[in-house]
Amino acid sequence: MKLFEFQAKNILKEYGVCIPRGKAITRDMDASKAFQEIGCSRCVVKAQILSGGRGKSGGIQFVTSPEETKACVASMLGSYLVTHQTGQKGTEITYVLIEEALSIKKELYLAITIDRCLQTPVLIASAEGGMEIEEVAKRTPEKIIKIPIDIFFGIHFFQTRRLTSQLSISGTLATTLNILIANLFDVFVESDCSLLEINPLAVTVKDEIYAVDAKMDIDDNALYRHPEFNRFIPCQDVSPAEALARKHRLSYISLEGNIGCLVNGAGLAMATMDIIKLHGGEPANFLDVGGDASPEQVMQAFKIILSDPKVKAILINIFGGIMKCDVIASGIIQAINEVGIHIPLVIRLEGTNVEVAKKILDNSGLKITTAKDMEEAASLVVSKVL
């Protein structure tokens with residue numbers, strides 16, 4: 001789950017991290033009143049989207065009056081912001097954040113994420129924070145500091161002391177930064193984050209440290225431990241298909257192709273997409289129903305694929321281990337009978353109860369093409385969309 005900036009900042013505030021005064025605004029809310037409530041002579045209006053590059057694309061604007069704020073917010077809400085991360089269509093702006101504009105003396109970069117190689121959290125920092133951090137990492141990687149963190153013992157004092165020295169931070173400010181890093185690690189662990197990024201982390205002219213921006217990704221596998229995050233779900237920038245997949249615990253990602261894929265197991269799903277491309281086709285999605293899916297989950301997965309107007313054919317590729325092939329076959333038939341199907345369907349089943357599953361499909365009376373292996377299945381499904 002990716003959080004909007006204003007949502008992430010609300011969590012940071014609970015852990016004692018300083019954030020600018022601000023208010024999130026959506027339609028039917030008074031932007032000029034929000035400006036007055038913040039009580040600053042100069043504010044910043046920030047489009048809330050789950051992509052980077054807002055500042056370079058007009059998604060961050062400074063305002064100095066209630067009237068200017070109202071006009072700026074009105075022009076943003078409902079429009080589509082295009083950045084280097086959104087694609088050509090862009091992302092619709094449904095929320096904006098109005099914040100006080102700080103007087104910034106220095107911008108830093110600070111993040112905590114998971115290092116897959118070390119299998120541990122890692123603290124990443126740089127004295128060159130701000131919009132050009134990607135260029136800093138590319139051109140002068142030596143300016144990016146990485147510190148592995150022991151998940152059980154947390155960040156040691158000697159690590160933060162060394163880091164503040166490398167960032168040219170000293171005195172009272174260094175102490176403040178040490179406390180801030182410890183608080184951020186608490187947020188990271190207790191919220192089950194996969195990424196917590198503060199860019200920029202600003203040092204103001206009053207020598208105060210503020211999280212000016214915040215990006216927070218929460219591990220979906222840990223959401224069951226966080227009922228308090230349910231309040232974020234209605235705000236999530238997800239399609240109806242993605243929302244349905246999340247509801248039924250299915251791993252689904254929409255792609256640009258026209259061949260729908262229903263597979264069990266992430267590795268098999270990746271291999272299925274690869275073999276489709278090898279035969280000249282393009283997968284329309286990644287959809288993993290998992291190793292122990294029920295007929296209901298299979299049916300919902302089928303509905304998700306059929307809801308995509310790009311899909312011209314479907315390949316179901318299942319290896320029955322824990323999940324039996326006959327269960328899959330029953331779910332497929334149930335889904336077809338309920339929602340109907342008007343496009344070619346190719347099925348490759350192998351594993352537990354595969355012969356029973358084949359009989360179920362053969363006796364269904366439905367127009368289904370079966371394949372003996374992945375090679376044949378990919379060849380058949382690609383031929384049906386060419």
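Which residue forms a salt bridge with Arg54? The partner is Asp213, with the closest N and O atoms 3.0 Å apart; a salt bridge here is a side-chain nitrogen of Lys or Arg within 4 Å of a carboxyl oxygen of Asp or Glu. Welcome to a predicted model, where local features need pLDDT of at least 70, side-chain atom pairs count only at pLDDT 80 or more, and totals for chains, interfaces and linings use all residues. Residues are numbered from 1 along each chain as its sequence is written, and side-chain values use heavy atoms, leaving out hydrogens and water.

**Salt bridges**
- The count comes to 19 salt bridges.
- Lys9 sits in helix H1 (residues 5-14) and Glu99 in strand S7 (residues 96-100), 90 residues apart; helices (H or I, at least four residues) and strands (E, at least two) are DSSP runs numbered from the N terminus.
- Glu376 and Lys372 also meet in a salt bridge, at 3.8 Å from N to O.
- Shared partners join Glu5, Lys9, Lys46, Arg54, Glu99 and Asp213 into one network.

- Lys9 is buried, with a relative accessible area of 1% (buried means under 20%, exposed over 50%, partly exposed in between, with a 1.4 Å probe and protein chains only).
- Glu99 is buried too, at 2%.
- Lys372 is exposed at 60%, while Glu376 is partly exposed at 29%.

**Cysteines**
- The whole structure holds zero disulfides, meaning pairs of cysteine sulfur atoms within 2.5 Å.
- For Cys72, the nearest cysteine sulfur is that of Cys43, 11 Å away.
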